Number of protein chains: 4
Amino acid sequence: MTTGTRHALRLLISGPDRPGIISGVTGYLYRLGADVTSSDQYTSAPGPGTFFQRLAFTLPAAARGTLVSTFGREVAEPFGLTWRLVDAAQPKRVAILASKADHCLVDLLWRMRRDELPMRVELVAANHPDLRATVEQHGIPFHHVPSVPGKPEESESRLADLLGDRCDLIVLARYMQVLTGEFLTKVAVPLINIHHSVLPAFAGAQPYTRAYERGVKLIGATAHYVTEELDCGPIIEQDVARASHRDDAAALARLGADVERTVLARAVRWHCEDRLLRHGNRVLVLS
Amino acid sequence: MTTGTRHALRLLISGPDRPGIISGVTGYLYRLGADVTSSDQYTSAPGPGTFFQRLAFTLPAAARGTLVSTFGREVAEPFGLTWRLVDAAQPKRVAILASKADHCLVDLLWRMRRDELPMRVELVAANHPDLRATVEQHGIPFHHVPSVPGKPEESESRLADLLGDRCDLIVLARYMQVLTGEFLTKVAVPLINIHHSVLPAFAGAQPYTRAYERGVKLIGATAHYVTEELDCGPIIEQDVARASHRDDAAALARLGADVERTVLARAVRWHCEDRLLRHGNRVLVLS
Amino acid sequence: MTTGTRHALRLLISGPDRPGIISGVTGYLYRLGADVTSSDQYTSAPGPGTFFQRLAFTLPAAARGTLVSTFGREVAEPFGLTWRLVDAAQPKRVAILASKADHCLVDLLWRMRRDELPMRVELVAANHPDLRATVEQHGIPFHHVPSVPGKPEESESRLADLLGDRCDLIVLARYMQVLTGEFLTKVAVPLINIHHSVLPAFAGAQPYTRAYERGVKLIGATAHYVTEELDCGPIIEQDVARASHRDDAAALARLGADVERTVLARAVRWHCEDRLLRHGNRVLVLS
Amino acid sequence: MTTGTRHALRLLISGPDRPGIISGVTGYLYRLGADVTSSDQYTSAPGPGTFFQRLAFTLPAAARGTLVSTFGREVAEPFGLTWRLVDAAQPKRVAILASKADHCLVDLLWRMRRDELPMRVELVAANHPDLRATVEQHGIPFHHVPSVPGKPEESESRLADLLGDRCDLIVLARYMQVLTGEFLTKVAVPLINIHHSVLPAFAGAQPYTRAYERGVKLIGATAHYVTEELDCGPIIEQDVARASHRDDAAALARLGADVERTVLARAVRWHCEDRLLRHGNRVLVLS
């Protein structure tokens, strides 16, 4: 047997905490010839808590099938664990929904081109046509799917047809439309949204105008997973920029755009690197 | 005539914006022999906006009376301005209300001792006795005024008696009690509160627990002027610290305490330096 | 006489501090019919200090000539002031020098397109051809001017020919070449450079590698005016991002790129808004 | 056999990276009845890198002796690992060296009293007498050990006598004196220093004055382990505060003091929680 090629894999695990999980998992991987390159864990509380672990490792190509067929029976089931195995070399297939504002979209496409984001953008759909040239410049298909006021099911139906099962993640890059629970169920992949405030502050519309009227001294942004309840999904990442009374609503929006694109890019990167695990309404960011 | 002594003064002005205000004000001051050391202005919007200005200057001692008796008639009235003259050498007289937590109180007293805050703390009152030694160590009177559940008027009445007209500012250093509109009217001086979140997020009680459950990635604090409507007063200053999923509610509270004391100290300093001007529900911080 | 059109102007003033300057300047402007929309001043120290002021105002079109011809004699000379009058509507003409890295360049061009930067990019010159398509996409001329090792005068001569007197500002968007004093003298316009560290730390080459080896916990960037002495020009703006021991030199460079583009854009905007005044080796940022 | 008491322990490991370490260590701990509550690892580079791990766990009291006597032979030696076992319940014994400035000292003592820092301060020594009352208020012995200009060995000899083997860590809370290599060797415990700039910028004396003259826009602080070469020890933590041209050297020092105390407290806490591992001139902060 030659050393042969090795696969770069990631294993995501969660379940009720109990002694021996780490030892059980890493012992199993070691016997299969794995070389663990990074491992991070989190336990939600001592005792009756929930255990979460992310392991990155390389494995002889030949051992991959063994892992897939035996890890569940030999490790996950005895410990009562939920698990997921991911191929690190496989970029996530991403669909981006946008509207008119280009800052988040441009930033994601630019970072993808720089190889900062392990993703492949399959398509961009927007309810306005303005961003077509920007998108097609990158050789990515652009679809204009207008929103029909009061009839979200029409545009959502078109979107769902476009998306089919072509993507692993949907990124709302300032899409500005509320998505129905039916749509979320139908697409059945995670959605990441960027909200233009430090949620839960200024949930809803026009946060910059409301922030101005409230005299805020910080302008923020929040990336979160989308749930049926608007602006209430679990928070992935947040950041702020300093503002002053001299900044009117337009200036706050400009400051905010810088924060939004940075925060969204970080959230998308972490998702594409399989670092994000959900725990109730919280998101763990494992390293 | 000798050069004589000079007074350090501050002039705070606001009114409907119109051409000539700056020229009128600074021309008047120049004729009185003022030497302007700092001047900052803000106009809320062009045209029909409101003009705000803070001027710091020195003035021959003999000219002070002239300013007091003639500035209104010669400058403020023709321009329709509201104005206030402040003696820069006169520290603000401050009362601090606290509860059990010491971090904001200790920090304010320590900064006062270092001459970072141009204030003199006249008294500290708390609804718990725990901080007595800490306060008396600084040679400051401490009053234990217990809260009577359901009867805020009892403790407020005692507080009002203690405060009399002995203070220019009341600082709520984690006082944790809601004050009635009657009390605010009675004391008739500004109150600054520190709220343990980036308002308007997590207004109300237990923000750290709620922040934990929401999986926030930033922990913040907001210093604001107190109005009758809880947690809705105009925001003076805000700041944040980075948190992670590893921080439980207690750790978030610990991170938050650092931000709270810093933000409150900044707000108190700016107030004591007469840098804060209110504009609707906003606070301007003039330099 | 009709109300007529008004010009938006900026007046930049500096000189030895003395009483009456503000009153003299604003009184003069008021008599000419100016409406001051913003004014900021700074005095380097009381007494023998230097006074700096930036005034933004509108002026009847007809009064502009009067200001140009009389301000010097009536105000600036009596007070010993240096002054500069700028037309706010006139965007700065900018030349960008780049190399291979695109993050600063892309960000500047994108912000210009969004009207965040009051500038017009006349040309981009780079010592590598890689960025041609990116630049020409924006309809901006791109010039490949290779560096000749050991013979800076060759490329500098070509650059100087290209620049002629076509620009008011040169931005080094990660140009990575040292410019000679002769070149600086010849082009005779300000140059802004972005350095990839919090100067004066890690001045010189390969700051990210050196930062990694030093185990830094913050990655920064500094925008500064270029002087003959490398990396020692007056600092305009700085910022940092948090790093950890998990970030290798490449990750630090990626984090740094985000800070670099933000810091450079801020510095360029302030320069184009005539907010930057030099005082010795310091830069004042007036509002 | 009853469940009995359990000890909270920490195991710090480092050595050449190779497959199987994690599995070997956690398998061993599991067989001894350990319940791992937190585990973090870092590998300096793939392949020929160095592996570092911090494990926190509880262990039956009875198994502790077994671990101490067998871990080396059964795990550490086969893998070529350096290891250290620490009792989590045992606070670190700390000596603080100070001078005149109180901000770092006061903050450390206040945090210790709040149980934020798992340490016990055995003594404070200062080369000036000013801080005696502050220290003795906390019931901690204060020693005035004046510096003798040009004769560091005199004060260092007195300090070494005072310290004896009574501390596990020495914290320089703005001690402002250079310590000789002889002293470092003699005390033979780690020393943490707080430097008042973002090292390596402004290494040496008077950083605030030099920062002012350089027109910096950020003021920082660096906590680092002390080595014989002044200001060149491995960096533990850094942070910054924003400054402006309005801040003179005194204002920068005031801003800096806030950053210094925060950064030093974080570094001391991490050290006392055994989170810091050295790798060359870098410090890893394990969670």
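**Salt bridges and helix pairs, questioned**

Glu273(A) and Arg275(A) form a salt bridge whose closest N and O atoms are 2.7 Å apart. This is a predicted model, in which local features need pLDDT of at least 70 and side-chain atom pairs pLDDT 80 or more, while totals for chains, interfaces and linings use all residues. Residues are numbered from 1 along each chain as its sequence is written, chains are lettered from A and ligands numbered from 1 in the order written, and side-chain values use heavy atoms, without hydrogens and water.

Q: Why is the pair Glu273(A) and Arg275(A) called a salt bridge?
A: The term asks for a side-chain nitrogen of Lys or Arg within 4 Å of a carboxyl oxygen of Asp or Glu. Here the closest N and O atoms are 2.7 Å apart, so the pair meets that rule. Over all chains, the rule gives 97 salt bridges.

Q: What makes Glu273(A) count as buried or exposed?
A: Buried means under 20% relative accessible area, exposed over 50%, and partly exposed in between (1.4 Å probe, protein chains only). Glu273(A) has 14%, so Glu273(A) is buried.

Q: How do you know which parts Asp40(A) and Arg246(B) join?
A: Their closest N and O atoms are 2.5 Å apart, in a salt bridge. Asp40(A) lies in strand β2 of chain A and Arg246(B) in the loop between β11 and α8 of chain B, so the pair joins two chains. Helices (H or I, at least four residues) and strands (E, at least two) are DSSP runs, numbered from the N terminus. Asp40(A), at 1% relative accessibility, is buried, whereas Arg246(B), at 32%, is partly exposed.

Q: Which residues of α3(B) and α3(D) meet?
A: Contact means heavy atoms within 4.5 Å. In α3(B), His103(B), Val106(B), Trp110(B) and Arg113(B) meet His103(D), Val106(D), Trp110(D) and Arg113(D) in α3(D). The axes of these two helices come within 12 Å and cross at roughly 160°, which makes α3(B) roughly antiparallel to α3(D).

Notes: Axes are lines fitted to C-alpha atoms, for helices over the stretch in contact, and angles run from 0 to 180 degrees between N-to-C directions. Angles under 35 degrees count as roughly parallel, over 145 as roughly antiparallel, 65 to 115 as roughly perpendicular and the rest as oblique.
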